[in-house]
Amino acid sequence: MFCLNVNHWIIIIITNIAFIINNKQLRVSRLFCCFCRAPKPPNDEVVSWRQSLKKLLESGQLAFREFLKTEYSEENILFWLVCEEYKTITSNTEMAEAAKRIYTEFVQVDAPRQINIDCETRQEITNSMSQPTLSCFDKAQRVIYKLMKKDSYPRFLKSEIYQALFEPSDTVG
C-alpha cells in the first residue's frame, strides 16, 4: 500500500469536497487515475471487484467514479466517501461545520450535487442539522449504497471502463 495525500486526491479527483477531508491521509492499495496517470491495477485486483461493491470501493473507487460520471450519478460515490470521512471526526465544532457542508452540497433540495433520497430521510437530516451527530447521514448513506449496489454496480461490471482495465498497459515498464 502507499499513501496519497488527500489534498492531491481532492484537488485532482474530487473537487468541491476538499473542505471535508483537508489534512488527512487516504490509504489506497492501487490507483487507476486518468488524471495523475497512476498505473492500472493488476488483473487479479480488477477481477476481485466482481465479488462485491464493498470490494470495489476498497480499491477501485476511481474507476467506479469515472463510470458514475458517464451515468451522471457521480454524486453518489462522492456522498458515500464524504460520509465515510465524516464518521472519523472527533471535534464537535468540526462535525457541525462538516455536516453543514455535506448538507449544503448533497442533501438540501436543489443542492449542487443533490443525492436521490426519499423525502423522509431528507427531512430527518434537515432536522438534525441544529445538532448533528456522527450518525446523522447514516440512513442516507445506506440508501445511496443500496442504490449503487443495485443499479450502478452491475452496469459498471459490464461497462467499457471496467473491461478496458483488462487490456494490456500502454506503458513499457
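I looked up two phenylalanines to start: F79 is buried, and F137 is buried as well (buried is under 20% relative accessible area, exposed over 50%, with a 1.4 Å probe and protein chains only). The model is predicted, so I note that local features need pLDDT of at least 70 and side-chain atom pairs pLDDT 80 or more, while totals for chains, interfaces and linings use all residues. Residues are numbered from 1 along each chain as its sequence is written, and side-chain values use heavy atoms, without hydrogens and water.

**Aromatic pairs**

I searched the whole structure and found 10 aromatic pairs (ring centres of Phe, Tyr or the six-membered ring of Trp within 6.5 Å; planes under 30 degrees apart are stacked, over 60 edge-to-face, the rest tilted). F79 and F137 form an edge-to-face pair, at 6.3 Å centre to centre and 80° between the planes. This pair links distant parts of the chain, with F79 in helix α6 (residues 74–86) and F137 in the loop between α8 and α9, 58 residues apart. I also noted a cluster of W49, F64, F67, F156 and Y162, linked by ring pairs.

**Helix α8**

I then went to α8, residues 119–128, where T121, R122, I125 and S128 are buried (helices are DSSP runs of H or I, at least four residues, numbered from the N terminus). Viewed down the axis of α8, the buried residues fall within an arc of 125°, so they line one face of the helix (the arc is taken from the directions from the helix axis to the C-beta atoms). C119, E120 and N127 are exposed on the other side of α8.

What do the buried residues of α8 pack against? They pack against α7 (92–107) and α9 (138–158) (contact is heavy atoms within 4.5 Å).

At the N-terminal end of α8 I found D118 as the cap, with a side-chain oxygen 3.3 Å from the backbone nitrogen of E120.

How values were computed. Helices (H or I, at least four residues) and strands (E, at least two) are DSSP runs, numbered from the N terminus. A polar contact is a pair of N or O atoms within 3.5 Å; within protein, one must be able to donate a hydrogen and the other to accept it, and residues adjacent in sequence count only if both atoms are side-chain atoms.
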